[in-house]
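Here are a few friendly notes to read beside the model.

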Amino acid sequence: MKKESVFFAILFQILGLVLSSSPPKYESIFNFGDSLSDTGNFLLSGALAFPVIGQLPYGETFFQRATGRCSDGRLIIDFIAEAFSLPYLPPYLAVTNQNQSSQHGVNFAFAGATALDAEFFYEKNMGSILWTNNSLNVQLGWFRKLKSTLCSNKEACDDLFRKSLFLVGEIGGNDYNYAFFLGGGMKQLQATVPLVVAAIANATSALIEEGAVELMVPGNLPIGCSAVYLTWFQSPNKTDYDRHGCLKEFNAFAKYHNSQLKQALETLRQKHPHAKIFYADYYAAAMRFVHAPLHHGFYGGTLKACCGGGGPYNFNNSARCGHTGSEACQNPSTYSNWDGIHLTEAAYRHISLALINGSYSTPPLISSPL
């Protein structure tokens, strides 16, 4: 496993040399999303719905302390920042409440956030399950509020944002998670997809109107391979699973969301021809290690969580990671799934490399893939 760590360290050093051979492509990053990219906002807000995020084993791998990231270590947003020689993004609440520098960008992502506003879920009698009301629209409002401190006039803002990368997501996964876990049917959820996609597209368009030029919009992960879905929707029917052990129906749903999102982004490209809109294919990038776990160093597997309270997929809702009765595996780098819901740093690293070198980013994030 040490060899694998050395390999990735060398690979990221090479990537740094490729990028440093010319002026840095981005001077700032602005990120919007949910727990897949939250670097501390949820924790700084009190994390009432999930307080264990503020203690080990969360953060044990890289930071060796809990940082508010829903993983054992770094997230995709962290690896993207590293690739462009930028510091890790400070959470918005650390910028506004602790005077952390926003010189190289800000992270507005909030664990539990949805693409649709909270009112949608309260109207559907699902409000009680929400972790937060800080939806994508709320995060966009934070950005607008902070904008005057980032740049003093339109010319300065245009100059700053022209040199910045904006990430809009991953977001939308929680819109579906909340509904699925409350018993929502597949047809009911499919009818929600256009609303979720429209919310993501509208936020992306709004950022372009604010001056953003280069934006990356990720799709959904293969939720049918997630330990929480495999546990909650376990089926006695073997035909419900693909040959890798993932639930086919839920993966098909994620692909449907992604196909709708890609269509919406193509419409946005036509509406804003001056902007460069990347689609980040999280689904395909993650399925690589589902298809070939050993090749990617996941000797513990890709369906079973590293940290959990037992069960066939090591996900137990009454003993989730960090709670009494749960235990973390000794080497998270051998697992792709961290706590049943989120991925490990090792998995995020694989996805990040796939995005950065362009193989799972349309168009490529850098012009000369490794």
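1. A word on the model: it is predicted, local features need pLDDT of at least 70, and side-chain atom pairs count only at pLDDT 80 or more, while totals for chains, interfaces and linings use all residues. Residues are numbered from 1 along each chain as its sequence is written, and side-chain values use heavy atoms, leaving out hydrogens and water.

2. Now find the sheet. Helices (H or I, at least four residues) and strands (E, at least two) are DSSP runs numbered from the N terminus, and two strands pair if DSSP finds at least two bridges between them. Six strands make an open sheet with mixed pairing, in the order β2-β1-β3-β4-β5-β10. Strands β2 (105-107) and β10 (361-362) are at the edges with a single partner strand each, so one side of each has no neighbour in the sheet.

3. Look at how β1 (residues 28-32) meets β2: the two run parallel and are joined by three bridges. Asn31 has Asn107 of β2 as its bridge partner.

4. Helix α7 (residues 154-162) lies across β1 and β3, at about 75° to β3. Angles run from 0 to 180 degrees between N-to-C directions, with axes fitted to C-alpha atoms, for helices over the stretch in contact.

5. Which residues of α6 are buried? Buried means under 20% relative accessible area, with a 1.4 Å probe and protein chains only. They are Leu136, Gln139, Leu140, Trp142, Phe143, Leu146, Lys147 and Leu150. These residues pack against β1, α4 (92-98), β2, α7, β3 and α9 (186-210).

6. A nonpolar core is a set of buried Ala, Val, Leu, Ile, Met, Phe, Trp, Tyr and Cys residues joined through side-chain atoms within 4.5 Å. The largest one has 88 residues, and Phe30 and Phe143 are among those with the most contacts inside it. Its largest share, twelve residues, comes from α9. A second, separate core of 34 residues includes Ala83 and Phe278.

7. Finally, visit Thr114, in the loop between β2 and α5 (118-123). Thr114 is buried, with a relative accessible area of 2%. Its side chain reaches the backbone oxygen of Leu116 at 2.6 Å; a polar contact is a pair of N or O atoms within 3.5 Å, where within protein one must be able to donate a hydrogen and the other to accept it, and residues adjacent in sequence count only if both atoms are side-chain atoms.

Conventions
Contact = heavy atoms within 4.5 Å. Buried < 20%, exposed > 50% of the residue type's maximum accessible area, 1.4 Å probe, protein only.
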